[in-house]
Each structure stands twice: as C-alpha cells, then as structure tokens.
Amino acid sequence: MSRLQLLLYVLDVVSVLFFVNWGPFPLVVRELGAPTAYLNVYVHVPAAVVLYIAAAAALVFAVWGVWRGASEQVVKWMDFSAYAVALFGWYAFISGTIWAAESWGTPLALDPRQMSILVLALVFSIYPAIRRGVEDPDRSVKLAQVFVIAGFVLSILSFVAPIVAQAFHPRPGSTLTGTMGAYMGARILLLTAIFFALFFSKTKGAEWLYVAGAAAAVALMYPWLLYHPLRVVNVTDTAIVLEDGSTLSVPPGDVLSPPFYNGTPTLPKNFVAVAGGGVFLVRHFSAYLNAALYFATMFILLKIRERL
C-alpha cells in the first residue's frame, strides 16, 4: 500500500465523520422529515454513483476480455468490479431505505430507483456463484463476461429510472448545488479514486481504519442514546414547541441559525435535546448509522480485494 492510498483512506474516513457531524445541510426541505437527514448525501450518494462506475468498469473488462482475450489480470479486475457492484448495491439500497424512512415517510416507497438498485444488488450477488460454481475455468470466465454485459443493461435502467418514471429520487445531476453539492462531489471523486486505486494495489491493514471509523460514527450517535431528542413542530420568536406538546422558552435562533429562510422557520422538523441547562440541535441518527454501514461496506470491499 502506497502513501497515496493510505492518504485516500484517511481522507475518506475523516471526511465522512466530518460531514455527517459538522457538514452543512439544507435549512428547509419540502420532504416530510428532518433537514439534517440530508447529511446522508455525503455517504449514500457517493456509494450509489460508484456503484454505476463499477458496473461500467466491469463491462469494459468483460468486453475487453471477449475482444482481446481474458488475461488473468483482466479477469481479476472484472471480478473485483462485479463484486463492488453487488456490495455498493446492497449498501445503496439499505442506506437509502434508512434515509427514506425519515424523508419519505416510509422505508420502502416503491421508488423506481430504489427498487431497481435492489434488483441490481440481487442480480450481481449471483456473480460469485457463477465464478465458483463452474468447474471449467474458461467456461466460468465466458459465462461471467456474458453475465456482466447483461447486468450492465440493468444498471442503465436503474440510472435512468427517475427520468422515465415518476420517482421520489431526483433526476441525475439535479441532486444538490452550492456548498453541499461541492462537498458531495468531492466525496464522489474521493471514493472513485479509491475504487480505481484498488485495481493496482492491495491494501492489507488499511481496513482497520474503517473499523475505527465505524466505531466513531456509532459514538457520535450519543445524543440519541443519552438525551432522548424530540422533533420540533413549531416555533415563535421566543419559544420552541416540541412533538410531545411541551414548550421550551428558548429563541429558535439560539439553536439553529438563521432562524428563518425566505420567511420559513428553519427549526421545525428537526430534532433538539436538552442537556446541561441548554437546548441543542441533534442531527438525524440515519446519517451516523449510514456512515457506520458505509465503513463496514468499505471494510468488506478491502477484504475482497485482498483475496483476489
């Protein structure tokens, strides 16, 4: 493992922890849930994007093998890409359902992108059986190439699903702009760089960075474990009304600034907790949970790469 790769892994872990706990989030959202649930864009969206990149990479190696002959290295790259599609597919689906439970009001909204990613994850989960279940190595590679090419068609359908069908998911390229969009884009580039760097070098030992990251993400959920946060349902200039009917005599601007955005109060839908004689904003637990799941996904990805 080179120093550059180690730097990429450290940046990956640190950036995820920073963005889910200190990163910007929309002040006002049209969806049902807490605006802080949108902190999931820093973990869910990059993994979903790299899922499609991995599918494209697997296609390239499969076609290259058919056209120019499948060398051992090309087959390993195809295998790794296909495994990454399955792994990131499951992560994108699971993290998406956790996020959807808050922002869409239900974990399974039958959204076309959500369900197509589930199908993609299920289909590519068959890939290891194809590679290991066929005794003839040459036949195994040929079947895998056909499988990858056919599977890429599913990835295209999944990618365009929000365009051709009514969906909760935004259309590709329209997710976020401004500061959040820039940070999300940086996360996408970072994860893409890590994915392609794994083609050229194994990283034994680096996976424990992700174990530490997962532990830190769980630890950052402490307000949910200690202070029983409650959702804000309304505010006045000098008070905050909670979902249980209680009122806190605290100006909303002391908890979240600015207190209004284009005339709309920013604190409602969010969660707050009382501790140490003060009131503070609590970021939605889904972002921390999905960060921990992301680190677990990356741990598995590095372990898979070690064995290829």
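**Labels and the values behind them**

Author: Strand E1 (residues 230–235) pairs with strand E6 (residues 271–275) in the antiparallel sense, over 2 bridges. Note that this is a predicted model.

Reader: What makes E1 and E6 count as paired strands?

Author: Two strands pair if DSSP finds at least two bridges between them. E1 and E6 have 2 bridges, so they count as paired. Arg-231 has Phe-271 in E6 as its bridge partner, and Leu-230 stands opposite Val-272 in E6.

Reader: How do you know that E1 also pairs with strand E2 (residues 240–242)?

Author: The cut-off is again at least two bridges. E1 and E2 are joined by 3 bridges and run antiparallel, so they count as a pair. Val-232 has Leu-242 in E2 as its bridge partner. A hairpin through 4 residues joins E1 to E2.

Reader: In what order do the strands of the open sheet lie?

Author: The order is E3-E2-E1-E6-E7, a sheet of 5 strands with antiparallel pairing.

Reader: Why are strand E3 (247–248) and strand E7 (278–282) called edge strands?

Author: E3 and E7 each pair on one side only.

Reader: Turning to helix H4 (residues 112–124), how does its reach compare with the expected span?

Author: The expected span is 1.5 Å times one less than the number of residues. H4 has 13 residues, for which 18 Å is expected, and the reach from its first C-alpha to its last is 18 Å, close to that value.

Reader: Which residues of H4 are called buried?

Author: They are Arg-113, Gln-114, Ser-116, Ile-117, Leu-118, Leu-120, Ala-121 and Phe-124. The label means that each of them has under 20% relative accessible area.

Reader: What contact is found at the start of H4?

Author: A side-chain oxygen of Asp-111 comes to within 3.0 Å of the backbone nitrogen of Arg-113. The cut-off for a polar contact is 3.5 Å.

Reader: Why is Tyr-222 called partly exposed?

Author: Its relative accessible area is 40%. Buried means under 20% and exposed means over 50%, so Tyr-222, at 40%, falls in between. Tyr-222 lies in helix H9 (residues 222–226), and together with Leu-225, Leu-226 and Tyr-227 it makes a nonpolar surface patch of about 440 Å².

Reader: Why does His-228 count as exposed?

Author: Exposed requires over 50%. His-228 has 60% relative accessibility, so the label applies.

Reader: Where is Lys-269, and what is its phi?

Author: Lys-269 is in the loop between strand E5 (264–265) and E6. Its phi is about 85°, positive although Lys-269 is not a glycine. At 27% relative accessibility, Lys-269 lies between the cut-offs of 20% and 50%, so it counts as partly exposed.

Reader: What makes the peptide bond from Ser-257 to Pro-258 cis?

Author: Its omega is near 0°. Pro-258 lies in the loop between E3 and strand E4 (260–261).

Definitions and conventions: Residues are numbered from 1 along each chain as its sequence is written. This is a predicted model: local features need pLDDT of at least 70, side-chain atom pairs count only at pLDDT 80 or more; totals for chains, interfaces and linings use all residues. Side-chain values use heavy atoms; hydrogens and water are left out. Buried means under 20% relative accessible area, exposed over 50%, partly exposed in between (1.4 Å probe, protein chains only). A polar contact is a pair of N or O atoms within 3.5 Å; within protein, one must be able to donate a hydrogen and the other to accept it, and residues adjacent in sequence count only if both atoms are side-chain atoms. Patches are made of residues with over 30% relative accessible area and no salt bridge: like charges are joined within 9 Å, nonpolar side chains (Val, Leu, Ile, Met, Phe, Trp, Tyr) within 5 Å. Accessible areas come from the Shrake-Rupley method with a 1.4 Å probe; for residues, only the protein chains shown count as cover. A salt bridge is a side-chain nitrogen of Lys or Arg within 4 Å of a carboxyl oxygen of Asp or Glu.
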